[in-house]
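Load the model in your viewer and follow the stops below. Each stop says what to select and what is there.

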Amino acid sequence: MTTVTVGQVVAEVVGEGAAVVMIHGLGGTSNMFQPQMAALSAYRVIRLDLPGSGRSPRPIEPLTVEGMSEAVIRAMAGMGVAAAHFVGHSMGTIVCQQIAATQPSLVTSLALFGALAEPTDATRQGLANRARLARSGGVADIADQIVANAISAHTRETSPAAVAFVRESITRQDPESYARTCEALAKATAVDARRISAPTLLVTGDADTVNPPGVAQALADKIKGAVFSSLDRCGHWATVESPRESSQKLADFLRRVDR
């Protein structure tokens, strides 16, 4: 495994073969895709920390989803990646859609976990409130809220390690960077999904209260040929709540695309 910094992005790169670029959501890092690594052993896997998240530094300019997308594109160019399978979670699915709609030649396929087209008005207000809470020293409170509301009851009862991972992922974020990421997501707008031509899989937990299955299904209906699949007793952090099932669905999808 190699850790590289390209522009505003820190990435972990491992393996050989067709490239798979993995993009986390709000409060996440490249580590949220660790459970999928064994299933992707035949690929060159590039896991990114978006600008201002995880190990990537906070950029000087304001954070936007469009800026995140451009940073990913620049990172790909810096690593010599001409095209890749893209895997995203939550906010990362919006970044993936932006790239697929504006730079279709870069995207071999899309696998979107907990996907959304854009936040609802209520979610936008909630993100603004969360940004204020982060700046006031309340990141741990945010983490506890996410554990209580975004993870399924089944996960909380049966997988304390997954709960601990999600809480650690949030509490380790730089508060100001996290606040700015909340504000960037709050301003995100949907791309024209009809412009997405890559094969697309959408996977959402049936107990996801952040972006419920209906949200992903509505997006799938707008993308030609997209397939929607759900995960039983799983909340919003699917890759760590249902790691085996998420890995299997992803591996099967990539195998079909690569035929």
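Helices and strands here are DSSP runs numbered from the N terminus, helices being H or I of at least four residues and strands E of at least two. A pocket is an open set of points on a 1 Å grid over the protein atoms alone, where a 1.4 Å probe fits, with protein on both sides within 12 Å along at least five of seven lines; lining residues have an atom within 4 Å of a point. The model is predicted: local features need pLDDT of at least 70 and side-chain atom pairs count only at pLDDT 80 or more, while totals for chains, interfaces and linings use all residues. Residues are numbered from 1 along each chain as its sequence is written, and side-chain values use heavy atoms, with hydrogens and water left out.

Then pick Leu 127, Arg 130, Ile 146, Ala 150 and Val 210, the nearest to the pocket's centre among 20 lining residues. The volume is about 510 Å³, counted as the space filled by probe spheres set on grid points joined across faces, edges and corners. Coloured by class, the lining shows 10 nonpolar, nine polar and one charged residue. Nonpolar means Ala, Val, Leu, Ile, Met, Phe, Trp, Tyr, Cys and Pro; charged means Asp, Glu, Lys and Arg; the others, Gly among them, are polar.

Next, go to the second largest pocket, with about 240 Å³ of space. Leu 116, Ala 117, Glu 118, Thr 120 and Val 215 are closest to its centre, out of 16 lining residues. Helix α8 (residues 213-222) gives the most to this lining, four residues. By class, the lining holds 11 nonpolar, three polar and two charged residues.

Now select helix α1. Which of its residues are buried (under 20% relative accessible area, 1.4 Å probe, protein chains only)? Val 65, Met 68, Ser 69, Ala 71, Val 72, Ala 75 and Met 76 are. Viewed down the axis of α1, these fall within an arc of 160° and so line one face; the arc is that of the directions from the helix axis to the C-beta atoms. On the other side, Ala 77 and Gly 78 are exposed (over 50%). Gly 80, after α1, has a positive phi near 70°.

Finally, select everything: 10 helices and eight strands, with 53% of the 259 residues buried.
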